[in-house]
Number of protein chains: 2
Amino acid sequence: MYLVEGTITLKLPESSNDVLLKNLYLSCDPYMRNRMSKFDGPEIEGFHAYTPASPLAGIGVAKVVESGNPDYKEGDLVWGITKWEEYSLVPSTQIVFKIEHTDVPLSYYTGILGMPGITAYAGFFEIGSPKKGDNVFVSAASGAVGQLVGQFAKLTGCYVVGSAGSKEKVDLLKSKLGFDEAFNYKEESDLDAALKRYFPEGIDIYFDNVGGKTLDAVLLNLKVHARIPSCGMISQYNLTQHEGVTNLLNLIYKRVRIEGFVVTDYYHLYPKFLEFLLPHIREGKIVYVEDIAEGLENGPAALVGLFSGHNVGKQVVIVAR
Amino acid sequence: MYLVEGTITLKLPESSNDVLLKNLYLSCDPYMRNRMSKFDGPEIEGFHAYTPASPLAGIGVAKVVESGNPDYKEGDLVWGITKWEEYSLVPSTQIVFKIEHTDVPLSYYTGILGMPGITAYAGFFEIGSPKKGDNVFVSAASGAVGQLVGQFAKLTGCYVVGSAGSKEKVDLLKSKLGFDEAFNYKEESDLDAALKRYFPEGIDIYFDNVGGKTLDAVLLNLKVHARIPSCGMISQYNLTQHEGVTNLLNLIYKRVRIEGFVVTDYYHLYPKFLEFLLPHIREGKIVYVEDIAEGLENGPAALVGLFSGHNVGKQVVIVAR
């Protein structure tokens, strides 16, 4: 990634239906790594491989400067797929939602009130099918999605344990985010033993953000009819040769369901999600930890940092306030 | 396994509630291998580890000789969990169903009309959620379960391809069992390429009987929203070190569901299943291939043969006709 400076005219091309955006907050998300490789997966809106020498694209919060689409007007705040630049010209179809509630931090629409928020909501409630008393394990638990899954689990009356990669994150999980227990996976030489310590009776829901060795250890510690919403496998994205998962046989006797999902399939739940979540945020019953990088020039390091666990909480890049 | 001869008195112990059975047909099933190792899975009726120096237990068809339970009487034909011996004394709870229809071969109650039959039915229809036009792949396709899955898929209007381990089996799949295509996985050096040949547009349902390398190749060839009923992983049962599955990342972008299941959870469907299947059998619209070993003394070799693919079709051991 490199920074390119230049001059543009802030004007919508004549008879364009596009929307000219001033970018405010950009979201650093693990899936962006996969767009930097040849991607032979299915067509998902905004999910094709990046074109070298073009700006990165990703989720962001932006303000409409000029609009060729009557649904948006100057001054509207929106979140959706934009580019890593100060101003972007995007098709209006890339806007996911207009922002209606501004009594909460705008940056939240890259996280708790945006894509990672619905991801946690859909993955935990729709795919995880949680019920009171369930034992829930979350990996990458202090991340953009994980910290919400843990709080949703507590709201549901579950016992929830998170794993993360530093003492600071583990402390955060227990002191601020309400997890019952948390551990640093880097300090556990035997993940299976760690899980047996925290889940002597086994796991009902494993919200998987990392895949690989953690998933393999979880497979040894599942309860009957366990559910695994498969949200991400960040441990594998930078590997040329993916780690082999060897304990899948446990799926059968334990009658386990693993289900991969992509948040765009659940955007229709957004209004219901906001209705559920906004009061909890306003009342301080759900909190959210963000890691803010100031300035577009600090974006590349912030993005790369996700893959070594540099960020504490949701990684955001501020382009403008 | 070894053969033990002895003399018993064919008489129910006084005030016993058990049932004395004359065993007729015994079923050779892959899951029995797992009962020969330390099994730390959940308690499933009739599924604990075998006790060395005791008779093997498994599914069988038997005739009631004497009954301490009023639900069964002398002469009743039943199928359920019995032992690998000429006569067995079993708790009546081990009987799964009384056999009501005897215009079909009795041995069928170890296969198409018994446990493998409901396995295929529940796995394909309940977990696979098939619809007309789906592309279906079945491994171990000429086996007790696979040959039925293929025929159920054809009845549903699906395109179905099976893999098996010999030319004889591949021919059987295409000529007798109605599969659209079939291939010998032992002759394919690149399973991914083989699947791309038969499924240029990808797979909607993979009915997994084998796990391991085949599952890994399938993961590279799934359509969006594919389903994988995980029925068995016979390729792994004799391995000390299980093969690693490396392509699970595909579950996410393709939004795939893998669901393990155990047939005992679906026995309540048995009456509905019989009502569906019996007319098809009587009209010759569904056929079933059995591999018969004659005599209890040939049982051990028949059972071991499953794991090298020696059997062609459902492996049955005849104890008595």
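The axes of helix α2 (residues 115–127) and helix α8 (residues 270–282) of chain B come within 11 Å of each other and cross at roughly 95°. That makes α2(B) roughly perpendicular to α8(B), a term that covers angles of 65 to 115 degrees, while those under 35 count as roughly parallel, those over 145 as roughly antiparallel and the rest as oblique. The model is predicted: local features need pLDDT of at least 70 and side-chain atom pairs count only at pLDDT 80 or more, whereas totals for chains, interfaces and linings use all residues. Residues are numbered from 1 along each chain as its sequence is written, chains are lettered from A in the order in which they are written, and side-chain values use heavy atoms, with hydrogens and water left out.

- Axes are lines fitted to C-alpha atoms, for helices over the stretch in contact, and angles run from 0 to 180 degrees between N-to-C directions.
- Helices (H or I, at least four residues) and strands (E, at least two) are DSSP runs numbered from the N terminus.
- In chain B, the residues B:G117, B:I118, B:Y121, B:F125 and B:E126 of α2(B) meet B:Y270, B:K272, B:F273 and B:F276 of α8(B), where contact means heavy atoms within 4.5 Å.
- In chain A, helices α2 and α8 pack at an angle of about 95°, with their axes 11 Å apart.
- The chain A contact is made by A:G117, A:I118, A:Y121, A:F125 and A:E126 on α2(A), and by A:Y270, A:K272, A:F273 and A:F276 on α8(A).

**Relation between the chains**

**Aromatic residues**

- Over all chains, the whole structure holds 44 aromatic pairs; rings of Phe, Tyr and Trp (its six-membered ring) pair if their centres lie within 6.5 Å, and planes under 30 degrees apart count as stacked, over 60 as edge-to-face and the rest as tilted.
- One of these pairs, A:F137 with A:F199, is edge-to-face, with 6.0 Å from centre to centre and 75° between the planes.
- The pair links distant parts of the chain, 62 residues apart: A:F137 belongs to strand β6 (residues 135–138), and A:F199 to the loop between α5 (191–198) and β9 (203–207).
- Both A:F137 and A:F199 are buried, that is, under 20% relative accessible area, with exposed meaning over 50% and partly exposed in between (1.4 Å probe, protein chains only).
- One aromatic cluster in chain A includes A:W79, A:Y121, A:F125, A:F152, A:Y270, A:F273 and A:F276.

- What covers the buried residues of α3(A) includes α2, β6, β7 (159–164), β9, α8 and β13 (314–318) of chain A.
- A:G157, which follows α3(A), has a positive phi near 85°.
- In chain B, B:C158 lies in the loop between α3 and β7 and is buried, with a relative accessible area of 2%.
- B:C158 is 22 residues from B:V136 in sequence and 6.7 Å from B:V136 in space, C-alpha to C-alpha.

**Other loop residues**

- A:S129, in the loop between α2 and β6 of chain A, has a positive phi near 45° although it is not a glycine, and counts as partly exposed at 36% relative accessibility.
- B:R255, in the loop between α7 (250–253) and β11 (257–260) of chain B, also has a positive phi, near 50°, and counts as buried at 12% relative accessibility.
- B:P200, in the loop between α5 and β9 of chain B, is exposed, with a relative accessible area of 69%.
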